[in-house]
Amino acid sequence: MTINETQDEIIDEFALFDDWADKYEYIIDLGKKLKGLPEEQKTEDNIIKGCQSRVWLNARFENGKLLFDADSEAIIVKGLVNMLIRVLSGHTPEEITAADLYFIDKIGMTSHLAQTRSNGLASMVKQMKNYAIAYGLKA
């Protein structure tokens, strides 16, 4: 699936819920499904700066595609990063750097997250795009 197809799928999933309590529950469920990272990848180099909770992001480049894995101490943050991984992982650096991540606004995340969580979400997106830029230069 393309990045936009995956975003549209997430928007459709969130449309099934009438209120934000249910949407938060869904994000928590997504967090529980994130496989996380092995301890040896939870390094200072993999910590995303600007997040309230500690978030680790690992990127690897295989067959022209960038693959992401992540973990966090906070379950809701794990859900947020799980959505980002679902949208961006498995695409080329060029696709990732060009991506307009409209699903974040469409599902209401920007208006329903606390300012610190919104800043953290922006930091996660920025780091994933930075990896894409770096790996794109190497490709």
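Predicted model: local features only at pLDDT ≥ 70, side-chain atom pairs only at ≥ 80, totals over all residues.
Once residues up to four places away in sequence are set aside, threonine 110 touches Ile104, Asp105 and Ser118. Aspartate 19, which is 91 residues away from threonine 110 in sequence, lies 15 Å from it in space, C-alpha to C-alpha.

Threonine 116, which belongs to helix α7, is likewise described as partly exposed, with a relative accessible area of 38%. Between threonine 116 and isoleucine 27 there are 17 Å from C-alpha to C-alpha, for a pair that is 89 residues apart along the chain. Helix α7 also holds lysine 129, and this residue counts as buried because its relative accessibility is 17%, under the limit of 20%. Leaving out residues up to four places away in sequence, lysine 129 touches Ile96, Thr97, Ala98 and Ala99. For one of these, alanine 98, which is 31 residues from lysine 129 along the chain, the C-alpha atoms of the pair are separated by 8.9 Å.

Leucine 16, in the loop between α1 and α2, counts as exposed at 69% relative accessibility. Leucine 16 and glutamine 41 are 25 residues apart in sequence, and their C-alpha atoms are 35 Å apart in space. Asparagine 63 is found in the loop between β1 and β2, where it counts as exposed at 79% relative accessibility. Its backbone deserves a separate remark: asparagine 63 has a positive phi of about 50 degrees, although it is not a glycine. Most residues other than glycine have a negative phi.

The interior can be described next. In soluble globular proteins, nonpolar side chains tend to be buried together. Here the largest nonpolar core has 43 residues, and those with the most contacts inside it are Phe68, Met83, Leu84, Leu88, Leu101, Phe103 and Met124. The elements that give two or more residues to this core are the helices α1 (3-15), α2 (20-33), α3, α5 (103-106) and α7, together with the strands β1 (55-62) and β2 (65-72). Of these contributions, that of α3 is the most, with nine residues. Phenylalanine 68, one of the residues with the most contacts inside the core, is in contact with Leu57, Asn58, Ala59, Ile85, Leu88, Ser89, Ile96, Met128 and Tyr131, when its neighbours within four places in sequence are left aside.

| Helix pair | Angle | Axis distance |
|---|---|---|
| α3 and α7 | about 30 degrees | 11 Å apart |
| α1 and α3 | roughly 140 degrees | within 8 Å |
| α2 and α3 | roughly 75 degrees | within 7 Å |

Helix α3 (residues 75-88) and helix α7 (residues 115-138) pack at an angle of about 30 degrees, which makes α3 roughly parallel to α7, since angles under 35 degrees are counted in that way. In passing α7, α3 makes a right-handed crossing. From α3, the contact draws on Ile76, Val77, Leu80, Val81, Leu84, Ile85 and Leu88, and from α7 on Arg117, Leu121, Met124, Val125 and Met128. Of the residues in this contact, 11 are nonpolar, none is polar and one is charged.

The axes of α2 and α3 cross at roughly 75 degrees, and the two helices are therefore roughly perpendicular to each other. Tyr24, Tyr26, Ile27, Ile28, Leu30, Gly31, Lys32 and Lys33 of α2 make this contact with Ile75, Ile76, Lys78, Gly79, Leu80, Asn82, Met83 and Arg86 of α3. Its residues divide into nine nonpolar, three polar and four charged.

Where α1 and α3 come together, with their axes crossing at roughly 140 degrees, Ile3, Thr6, Gln7, Glu9, Ile10, Glu13 and Phe14 in α1 meet Met83, Arg86, Val87 and Leu88 in α3. This contact is made up of six nonpolar, two polar and three charged residues.

Technical notes: Residues numbered from 1 in each chain as written. Heavy atoms only, no water. Axes fitted to C-alpha atoms, helices over the stretch in contact; angles between N-to-C directions. Helix = DSSP H or I, 4+ residues; strand = E, 2+ residues; numbered from the N terminus. Parallel < 35°, antiparallel > 145°, perpendicular 65-115°, else oblique. Left-handed = near helix turned anticlockwise from the far one by under 90°. Contact = heavy atoms within 4.5 Å. Nonpolar A, V, L, I, M, F, W, Y, C, P; charged D, E, K, R; others polar. Core = buried A, V, L, I, M, F, W, Y, C linked by side-chain atoms within 4.5 Å. Buried < 20%, exposed > 50% of the residue type's maximum accessible area, 1.4 Å probe, protein only.
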